[in-house]
Amino acid sequence: MTDLIFIILSLSAILSALYMVWVREPIISALSFIVTLLSLAGLFALLSASFIFLVQIIVYAGAIITLLLLIIMFLNIDDESLPKEPKKLLYMVLSAILVAPLDMALIKAVGTLPKKDMSIISNFGSVKSLGLTLFNGWLLPFELVSILLIVSLIGAIVFAKRKI
Amino acid sequence: MSALLIWIVALPFAGSLMLSILYLYHLKVKKVEEIYFSLIALLTPLISFLLTFWIFLKASDKKITFTAFKWLKVANFDIDISFLSDHLSLFMALFVSFIGWLIHIYAAGYMKGDEGYGKFFAYFNLFLGMMLLLVLANNPILMFFGWEGVGLCSYLLISYYFSDAQNVVAGNKAFIVNRVGDFGFIIGLSTLFIYIGSKGFDYASLQAHIGLVPSSMLSFIAFFLFVGAIGKSAQIPLYIWLPDAMAGPTPVSALIHAATMVTAGVYMVARFHFLYSLTPNVGEFIAVIGALSSLFAAIIATRQRDIKKILAYSTISQLGYMFVAVGLGFYASGLFHVFTHAFFKALLFMGAGAVILQLHHEQDIFHMGEMKEASKIVYWTFLVATLAISGIFPFAGFFSKDEILFGAFASGHYTIWAVELFTAGLTSYYMFRLFFTVFIAKKSSKRVEKPLILSPFVTYPLVVLAIGSVVAGFIGAPKILGGSNAIAHWFSFFGDEDIELSYTIEFGLMILNTVVALAGIYIAYKKFAGINLQNEAKIDGLIYHKFYIDEIYDALIVKNIQRLSWLIYAVFDKKFIDGTVMMIAKSFYHLGELVAVLQNGNVRFYAFSMLFGASLFFIYLMQVMG
Amino acid sequence: MMSIYSVLIVAIALFSIGIVGVISRKNIFIVYMSLELMLNAVNLMFVAFSRYFHSLDGQIISMMVIALSAAEAALFLSLVVLLYKRKGSLNVDIFNSLAQKRDNL
């Protein structure tokens, strides 16, 4: 059962990612990206990361992409002023060819990992255990990330106030 | 005693240096009176002369050398600063310093009031120093240093009135034509060095080892050394600078272009006598050139109007006589003529200068006339000099010219003898043409009414030189006239042939010379003594235009060299060399431009190139890892 | 058949699609979303390895990445608004003032 869900989720992730990269209008692209994100969240759940699954949906798909959609709609661009991309397919094929060695190398490297059982276990990625690990071993990065968020907040405000 | 040699040479140099510094002071800080310049300028040649005379009195029989220090030592090229006093150099140094001193006195009077007074005497002293260096040097390189130095001073002094561009052109011409001669000289000297330079390069060593040079190269060396003399002593074909050199002030013409510098070529041939006595064919060539130059210059002189140009051509002509003598191996006769010529030619130039001064710088003889009343001293001294140059007994020129003609006749060179005899006639003709036109003929309307009164600085040296022109010949008076021919004994080390012909032939030749000279005087008298210069004299024609030699040289040589240098400049230098260098520089720039395409500010392109690099890396990695 | 191998293949595939998107598209939003896609692929790898090695560190790192991505999104979007107001276009290629100037010698 899990295998079938896994296959469905992976295919939807990859196909929506492809569609996102391919389509011309940014809103359709963003919506496609949401599909990707949700599929990924499902994959996280399959990997026993329940909290990450939640965080992904709330923060990533819910906040970040929403903000992006807001800005896209705010800028209100019509079809003609979108950048013209005549050689899109050519570039994509070219980049795909160039990326292939990278992929092959990685796949080869990954293929050497010994097989282990990857079924879902309970209590692995729960909030409690994650919180304990976070505040016991990863306190400093946690504080730094919070500072980073404040910085970006201030930055966003500064940029918004800037006179052009 | 031997240390005196370096004083003789160094004193005029020191004088020149002091005068230059004093002149700079005069220009920049405060005016200096002329008297101070004159004092320094006249003192140094006098002391040099006195020292030379002292050596003559005390040590004339010994051969003195003095080595100051080693100048160059590069592998085999070992040159010292060393001086030599033997009969030849002592003889030359004596009359050079004496006549040099007299002309310095004359110049003090002639250049009075000129604003470059100090500069003039600085150059003049420098010239005298260089000339003494030339004659007293003990090796050819040091002599060449003096040789070039006198050329330099000649250029400086000819272009003295540099505000007139033509004078500068004349100075350039003198220097450049000299240089052509010097090129030949260097070729000869270098070849000599190649063969025997390793054994020492002073005169004594050269004379000792001259036999080591293969006989084919001997003629080569002798010829090219003579080319230097052709340039310096103004023979055909490099005489063209001497008439133009008259653009300089008259004391310069008197000292440099009459008495001293132009005789440096004769001195050089005499100094290398050990070489020339081994190559009689080159000697014949020298004599032929000398004879041709004499004749050619004399012909041109018969139709000239400028008083100094006539004297310049006369110098070329008399130099030809000297070269005939040394070319045929009669070194004593040639040097005797150098000696007497110095006296009367310097006197002629100084007299001409006096006349020019009196008439406020008028130089055309057909605008003069009746100068006899203007100054008695100038008249009588000029007459003495003209008689001397024409070879009239008992003046100096008679003895020296007679010796040369006798030598040419006795050694069988009848053509040369005939040419020189004819030239002697021409000489007396054009000199007396000059004399009669300037001093006797009815004065021209263009002439200044009241000629200037001359200062004693100008006139007294004329008298001294006139006395010299009379008595100088007696040192070489031949035996048949009762003289002891002292000069032949003085120069006996040359090993001149002593040809004995019968007394009748010798006497007959002497009479013939005198007759020819008198004939020239008579023709000149008939044509010019009675003319009235009020009538405008027109002269034109081929001879007046110096056979257009200057124009031919200009068209054939000068213009082509100018075209060649323009060609090298515009085509070779600009397009070829500049082009190549710029091409190399630009190619780097273009290479950089090609690489700059990679830096187009397009972030996606940067990401692409990163990917490109990474993918290459991974391909390689996979090859390695298998 | 969910093994580490297959999960990682999915992650690698998503990463490559992200690279292709960054290089070949000119619309700035698409470029941004491709970038986010790459980050998400990396997140997937972290979570997979955390399950594989049975350690929670991978998940914590993944959480940090999400936080970082949120911060970056805020800044990015404000910049895009400013740049659009300035240049009037969404084409990334027009921002090339750091390019090497080419003048003709």
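**Figure 1. Domains of chain B in the predicted model.** Taken over C-alpha atoms, the centres of domain 2 of chain B and domain 3 of chain B are separated by 75 Å in this model, which is predicted. The domain assignment of chain B places domain 2 at 340–534 and domain 3 at 553–625, while domain 1 is made of 1–191 + 235–259.

**Figure 2. Packing of helices H18(B) and H21(B).** Helix H18 of chain B, residues 414–440, packs with helix H21 of chain B, residues 503–529, at an angle of about 35°, and their axes lie 7 Å apart. The crossing in which H18(B) passes H21(B) is right-handed. On the side of H18(B), the contact is made by residues including Leu421(B), Ala424(B), Gly425(B), Tyr429(B), Phe432(B), Arg433(B), Phe436(B) and Ile440(B), and these meet a set from H21(B) that includes Asn513(B), Val516(B), Ala517(B), Gly520(B), Ile523(B), Tyr525(B) and Phe528(B). Sorted by class, the residues of this contact between H18(B) and H21(B) are 16 nonpolar, five polar and one charged.

**Figure 3. The hairpin of strands E1(B) and E2(B).** Strand E1 of chain B, residues 64–74, and strand E2 of chain B, residues 77–85, run antiparallel and are joined by nine bridges. Within this pairing, Thr65(B) stands opposite Leu84(B) of E2(B). The two strands form a hairpin with two residues between them, and in the turn Ala75(B) has a positive phi of about 50°.

**Figure 4. The side of chain A that touches chain C.** In the contact between these two chains, 73 residues of chain A meet 60 residues of chain C. The elements of chain A that give two or more residues to this side are helix H1 (2–22), helix H2 (26–46), helix H3 (50–75), helix H4 (88–110), helix H5 (127–137) and helix H6 (139–161). H3(A) gives the most, with 12 residues. By class, the residues on the side of chain A that touches chain C divide into 52 nonpolar, 14 polar and seven charged.

**Figure 5. The fold and dimensions of chain C.** The secondary structure of chain C consists of three helices and zero strands, so that its elements, followed from the N terminus, run α-α-α. Chain C has a radius of gyration of 18 Å, whereas a compact globule of 105 residues would have one near 13 Å. Along the principal axes, the C-alpha atoms of chain C fill a box of roughly 60 × 30 × 25 Å.

Definitions and conventions. Residues are numbered from 1 along each chain as its sequence is written. Chains are lettered from A and ligands numbered from 1 in the order in which they are written. This is a predicted model: local features need pLDDT of at least 70, side-chain atom pairs count only at pLDDT 80 or more; totals for chains, interfaces and linings use all residues. Two residues are in contact if their C-beta atoms, placed from the backbone, lie within 7 Å. Helices (H or I, at least four residues) and strands (E, at least two) are DSSP runs, numbered from the N terminus. Ala, Val, Leu, Ile, Met, Phe, Trp, Tyr, Cys and Pro count as nonpolar, Asp, Glu, Lys and Arg as charged, and the others, Gly among them, as polar. Axes are lines fitted to C-alpha atoms, for helices over the stretch in contact, and angles run from 0 to 180 degrees between N-to-C directions. A crossing is left-handed if the near helix is turned anticlockwise from the far one by less than a right angle, and right-handed if clockwise. Two strands pair if DSSP finds at least two bridges between them. Domain bounds come from an automatic or database domain assignment. The radius of gyration is taken over C-alpha atoms; the globule rule is 2.2 Å times the number of residues to the power 0.38.
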